[in-house]
Amino acid sequence: MPANTDPQSGPATAGWQPSGRGRQAVALAGFLALSLAAWALASVPIILHSGGWFAGSTKAPWMPPGWMFRSMWMLLYVGVAVAAWLVWRKGELTGSTLAGYLAQLVLNAAWPLAFFGLFPVFGSAALWAAFLVIAALAASLAFLTLRFGPVSPAAGLLMLPYLSWVVFSGSLNLYSAIHN
């Protein structure tokens, strides 16, 4: 058997090459798990308060039914996970792009806490705080769309429905802040 003369291979890299399908699958599962964790965390204040103060609040006339929110957020979280994975595969989910990705996860989990969870304590001030959070989320998504698109056009396109839904949700938040 010939000696291994490849300086790139060895015990530390055997079986886990950057292009290996196993590593790709594990990474995609990791991005999906992060999104699932953020979605689950964000769901707690919604579940706890959607039947309380929110049920009796003034809502925007363009407010869709509750089932649409659950369905859309689940799809959008999958989309952002796949988008991040596509950029990671090209070695470009680093620095400010990685920070933007992590920031949008935190902001997306923080928004329901501010909107649903803090309203019983702070009233309409919580709705204005939530609006600031969702505006920051929209800005982080615009940043990510601009960063992801040149690396992977598919990743950039996957971010657009997410950004659009957040802007739409921001309009609902603003209406609630003004009218409650």
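Mentor: Start with one term: a residue is buried when its relative accessible area is under 20%, exposed when over 50%, and partly exposed in between (1.4 Å probe, protein chains only). The model is predicted, so read it with these limits: local features need pLDDT of at least 70, side-chain atom pairs count only at pLDDT 80 or more, and totals for chains, interfaces and linings use all residues. Residues are numbered from 1 along each chain as its sequence is written, and side-chain values use heavy atoms, with hydrogens and water left out.

The protein chain has 6 helices and 0 strands. Helices (H or I, at least four residues) and strands (E, at least two) are DSSP runs, numbered from the N terminus. Read in sequence order, the pattern is α-α-α-α-α-α. The protein chain has 180 residues, and 38% of them are buried.

Now the rings. A search of the whole structure turns up 17 aromatic pairs. Here rings of Phe, Tyr and Trp (its six-membered ring) pair if their centres lie within 6.5 Å; planes under 30 degrees apart are stacked, over 60 edge-to-face, and the rest tilted.

Take F31 and Y101, one of these pairs.

W165 is buried because its relative accessibility is 10%. F168 has 26%, so F168 counts as partly exposed.

Rings can also gather in a group. W53, F54, W111, F115, F116 and F119 form one aromatic cluster.

F148 lies in helix 5. Its relative accessible area is 0%, so F148 counts as buried. What does F148 touch beyond its sequence neighbours? Leaving aside residues within four places in sequence, its contacts are A83, A84, V87, L93, T97, A155, G156 and M159. A contact means heavy atoms within 4.5 Å. T97 and F148 are 51 residues apart in sequence, yet their C-alpha atoms are 8.1 Å apart.

Stay in helix 5, which runs over residues 124–151, and find T145 there. T145 is buried because its relative accessibility is 13%. Apart from residues up to four places away in sequence, T145 touches P150, G156, M159, L160 and L163. G156 and M159 are also on the contact list of F148.

Helix 3 holds S96. S96 has 38% relative accessibility, so S96 is partly exposed. With residues up to four places away set aside, S96 touches F143 and R147. L144 is 48 residues from S96 along the chain, and the two C-alpha atoms are separated by 9.4 Å.

How far apart in sequence are the partners across the whole protein chain? Consider contacts with a separation of 6 or more: 81% of them join residues 24 or more positions apart.

Finally, the helical spans. In residues 67–88, the end C-alpha atoms lie 32 Å apart, and the span is 100% helix and 0% strand. For residues 125–146, the end C-alpha atoms lie 32 Å apart as well, again with 100% helix and 0% strand. An unreviewed UniProt entry lists "transmembrane region" at residues 25–47, 67–88, 100–119, 125–146 and 158–178. UniProt positions are given in the numbering used here, feature names are shortened, and annotations may be inferred rather than shown by experiment.

To return to your request, keep two pairs in mind.
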